[in-house]
Amino acid sequence: MMSELLKGNFKVQREIKVDETKDEAAEFKKEFRKKALESIGGSMVFVEREKLFWDESNLNEKSLQKS
Amino acid sequence: MSFDNINPDFKEIAGQITSIGLNWHGEQIVENSRWNKQFIEKTIRDIPKPQGKKADCAIVVSAGPSLYKNNILARIKATGFQGSIIAIDGSYVRSLKAGLVPNYVLTLDPHPTRLVRWFGDPDFEKNMEGDDYFSRQDLDIAFRNNSIEENRRNIALVNEYGKGSKLIICSTAPRNVVERTRAVGFDAYWWAPLVDNPENKDSLTRTIVRETGLPAMNTGGTVGTAAWVFALMALKIPRIAVVGMDLGYYKADTSYLQTQTYYSLRDRVGEDKIQEYFPEITYPATGEKFYTDPTYYWYRSNLLDLLAASKSTLYNCTGGGTLVGDGVECLEIEDFCKNC
């Protein structure tokens with residue numbers, strides 16, 4: 001609320017440049033992830049770690065895991 | 001057998017690949033599946049079960065550099081192997097060139113311009129524009145050369161052998177792969193990717209299965225693992241070997257410089273610590289050293305998890321690489337073939 005009231009009610013004479021702050025660690029991880037993904041070939045997303053096979057008929061049954 | 005000296009940043013990034021992949025591929029795989037519905041005539045439920053020796057043993061041919069370094073295809077041919085041969089898209093042409101005609105070819109990746117090249121790309125020049133993917137590949141030197149002439153030869157080879165061959169094609173396949181393989185006359189059996197828990201109502205797998213009516217197979221994130229799941233679960237083959245499944249780099253002749261992550265890593269951590277981001281493993285049968293990156297490490301972890309869930313044994317006849325661990329038995333390809 002206060003910031004809304006104070007906003008823009010005067011002008012500074014000299015333009016103030018604010019340095020962009022960079023989170024270097026985050027930037028690095030982002031770049032690393034991008035590079036890692038670029039190396040992917042023949043790939044697919046994957047999050048399921050147990051079921052090997054699944055059919056719609058399994059909706060109310062247990063998944064077909066090899067026993 | 002496991003990797004030593006893994007940097008926590010490395011593990012964190014490898015662990016995030018799943019969610020990154022979901023964001024990256026999520027919409028595309030559903031969209032491709034919807035489009036491909038019109039072409040689905042048969043599914044992997046309809047595939048004739050193999051008979052005789054082809055029902056007893058299978059070799060999954062992945063496309064890692066060991067395939068040519070260890071002369072694997074010629075060695076398979078020399079044994080007179082009578083079991084089933086399952087090629088992935090990336091090893092299909094190479095298998096044909098070696099005189100091995102696979103019984104099945106499996107394709108998975110939804111990439112709109114790259115994947116079609118494994119079948120001979122009719123729009124080769126357009127699709128390769130500004131894309132250095134194949135020139136960075138260590139899979140097949142012929143592909144690395146990006147040669148128009150090589151592509152022409154591949155088109156002719158696939159045209160000659162593809163007609164009637166069993167193509168195990170994922171619903172997520174890009175349009176140009178579907179068009180190309182239909183034009184050749186492959187005998188297509190469709191499947192959906194099991195990418196998340198279908199018991200969850202908002203699961204991508206459930207959406208695709210409902211949309212297409214296809215059964216879903218786990219991929220482990222990569223086409224080679226999907227081929228192993230296909231052999232085990234759809235064909236019910238009890239003894240399965242993998243070749244060309246390196247899931248890593250040869251330390252002796254692949255410098256860190258050749259990896260995707262080298263420059264960003266060097267700038268960040270410096271040369272002296274860079275080794276922590278390329279964990280090493282020694283292949284037990286040869287003593288040769290290999291190293292991995294986050295993507296290969298992720299593939300390997302996925303496969304080992306699925307192997308544990310399946311309670312089966314995987315015979316790794318790659319002759320190198322990082323695929324060692326519980327449920328994996330490493331042996332020479334000749335030793336596998338003579339017991340089939």
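User: If a residue is buried when 20 or more other C-beta atoms, placed from the backbone, lie within 10 Å of its own, exposed at 12 or fewer and partly exposed in between, is B:L247 buried or exposed?

Analyst: B:L247 is buried, because 28 other C-beta atoms lie within 10 Å. Please bear in mind that this is a predicted model, where local features need pLDDT of at least 70 and side-chain atom pairs count only at pLDDT 80 or more, while totals for chains, interfaces and linings use all residues. Residues are numbered from 1 along each chain as its sequence is written, and chains are lettered from A and ligands numbered from 1 in the order in which they are written.

User: OK, where is B:L247 found, and what is its phi near?

Analyst: B:L247 belongs to the loop that joins β7 (239–243) and β8 (249–250) of chain B, where helices are DSSP runs of H or I with at least four residues and strands are runs of E with at least two, numbered from the N terminus. Its phi is near 50°, which is positive although the residue is not glycine.

User: And B:N71, what is its phi near, and which loop has it?

Analyst: The phi of B:N71 is near 55°, again a positive value in a residue other than glycine, and this residue sits in the loop between α3 (66–69) and α4 (72–79) of chain B. B:N71 counts as partly exposed, because it has 14 C-beta neighbours inside 10 Å.

User: Switching to helices, how much of α13(B) is covered?

Analyst: α13(B) is mostly covered, with twelve of its 17 residues buried, among them B:W298, B:R300 and B:L307. The helix is followed by B:K311, whose phi is positive, near 55°.

User: How do α11 and α13 of chain B cross?

Analyst: Helix α11 (residues 223–234) and helix α13 (residues 294–310) of chain B have axes, fitted to C-alpha atoms over the stretch in contact, that come within 11 Å and cross at roughly 15°. That makes α11(B) roughly parallel to α13(B), a label for angles under 35 degrees, with over 145 being roughly antiparallel, 65 to 115 roughly perpendicular and the rest oblique.

User: Which residues make the contact?

Analyst: On α11(B) they are B:T225, B:V229 and B:L232, and on α13(B) they are B:Y299, B:N302, B:L303, B:L306 and B:S310, contact meaning C-beta atoms within 7 Å. Of these, B:Y299, B:N302, B:L303, B:L306 and B:S310 are also listed as buried residues of α13(B).

User: Last one, what does chain A have?

Analyst: Chain A has two helices and one strand, running α-α-β from the N terminus on, and 22% of its 67 residues count as buried.

Methods:
Axes are lines fitted to C-alpha atoms, for helices over the stretch in contact, and angles run from 0 to 180 degrees between N-to-C directions. Two residues are in contact if their C-beta atoms, placed from the backbone, lie within 7 Å.
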